[in-house]
Amino acid sequence: MKKFIVLITFFLVFLPAHSANYLWQNKQDIAKHQHEKIQQWLKFGVKATEKTFHKLPFKPIKFRVKPSKRNNEPVPWGQVNRMDNSILLHTSLKFSINDLKNDWTLYHELSHLYLPFLSDDARWLSEGFATYSQQIIMLKAGLLSSTEFVERISAGLKRGRKNTSMNDDMLFIASQNMRKQRSFMRNYWSGAAFFIEVDLALQQKGLNLPIVINRYITCCLTDEMRGDELISVLDEVSQSTIFSSFFQEYYVREDFPSITQKNINKLANFYNSK
Ligand SMILES: [Zn+2]
């Protein structure tokens, strides 16, 4: 009996710590009265992301929070450090827990962890995945209504199209020169359009993007990959050629893709009812 009690105590004391989903690494740098809010926020973000992808890519997800002096938005900047896959969040601490939860940066950076660091010609793929996923995560977490989901995607695609009109290089070249040419919106939203088209095609086969990503992180997630390498693994885990057929088209495309309003509505309904 005594042994049994010792065992139970061991699990109660040690197990929760070991199975924690997130780890805030630089608590000591932030004033104590802010701790509760930040912990609640990070915990919420990780849980919301897990709700979409059914699984976390790593455990625990590591965070660092840097107080930001730019007080015009809650999280002006976020970044994944690929050395240890930790997420750095520049955060304006004057904002409330609700403001922090409603900011998209956390969900965007968490989404990046589901794919490896990709070669420069595939930045559009990496940013497109995070840009599309953040919308699904926020919809499923109840932070966006279906209408807001549709509005955000439509507005983003519009920005992407506008940015594409200034440069008609092939997408992989625009991707290599993204910072120099400031073709961020073209890259982010061409990539988002790619994943929208892929997701719709997967749904017709009874699959969807989060299911395929869940399979991918279970078998095959690595630190670094070329874009085309990732695409062939995604074909394999989805037992289809959906990823590669869209990839071939998108990689060299000089124009901005057309996604119909009807299809964006379809996605809103699909993820809202799940
Ligand atoms: Zn990003």
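1. Asn85 sits in the loop between β3 (77–81) and β4 (86–91). In this predicted model, its phi is near 55°, a positive value in a residue other than glycine. Asn85 has a relative accessible area of 11%, so it counts as buried, the limit for that class being under 20%.

2. Arg182 also deserves a look. Its phi is near 50°, again positive in a residue that is not glycine. Arg182 belongs to the loop between α8 (178–181) and α9. Is Arg182 buried or exposed? With a relative accessible area of 59%, Arg182 is exposed, because that class begins over 50%.

3. Lys59 and Pro60 are joined by a cis peptide bond, with omega about -5°. Pro60 is found in the loop between α2 and β2 (61–67).

4. Next comes the metal site. Which residues coordinate the zinc ion? They are His108 and His112, each through NE2, and Glu127 through OE, at 2.1 Å. Along the sequence, these donor residues follow the spacing H-x3-H-x14-E. His112 is part of helix α4 and Glu127 is part of helix α5, so this pair ties together parts that lie 15 residues apart in sequence. His112 has 7% relative accessibility and therefore counts as buried. Glu127, at 14%, is buried as well.

5. Two packed helices are described by the angle between their axes and the distance between the axes. For helix α4 (residues 105–112) and helix α5 (residues 123–140), the angle is about 125° and the axes are 8 Å apart. The two are therefore oblique to each other. The crossing of α4 past α5 is right-handed. On the α4 side, the contact is made by Tyr107, His108, Ser111 and His112. On the α5 side, the contact residues include Glu127, Phe129, Ala130, Ile137 and Met138. By class, the contact of α4 with α5 has five nonpolar residues, seven polar and one charged.

6. Helix α5 has another partner in helix α2 (residues 35–53). The axes of α2 and α5 come within 9 Å and cross at roughly 100°. That angle makes α2 roughly perpendicular to α5. From α2, the residues in contact are Ala48, Thr49, Lys51, Thr52 and Phe53. They meet Phe129, Ser133, Ile136, Ile137 and Lys140 of α5. This contact of α2 with α5 is made up of five nonpolar, three polar and two charged residues.

7. Helix α12 (residues 242–251) contributes these buried residues: Ile242, Phe243, Ser244, Phe246, Phe247 and Tyr250. Which helices do the buried residues of α12 pack against? The partners are α5, α7 (171–176), α9 (184–204), α10 (209–219) and α11 (227–238).

8. In α11 the contact residues are Gly227, Asp228, Ile231, Leu234, Asp235 and Ser238. They meet Ile242, Phe243, Ser244 and Phe247 of α12. The contact of α11 with α12 holds five nonpolar, three polar and two charged residues.

Note on methods:
Residues numbered from 1 in each chain as written. Predicted model: local features only at pLDDT ≥ 70, side-chain atom pairs only at ≥ 80, totals over all residues. Heavy atoms only, no water. Axes fitted to C-alpha atoms, helices over the stretch in contact; angles between N-to-C directions. Helix = DSSP H or I, 4+ residues; strand = E, 2+ residues; numbered from the N terminus. Parallel < 35°, antiparallel > 145°, perpendicular 65-115°, else oblique. Left-handed = near helix turned anticlockwise from the far one by under 90°. Contact = heavy atoms within 4.5 Å. Nonpolar A, V, L, I, M, F, W, Y, C, P; charged D, E, K, R; others polar. Donors = N, O, S within 2.8 Å, 3.2 Å for Na, K, Ca; no water. Buried < 20%, exposed > 50% of the residue type's maximum accessible area, 1.4 Å probe, protein only.
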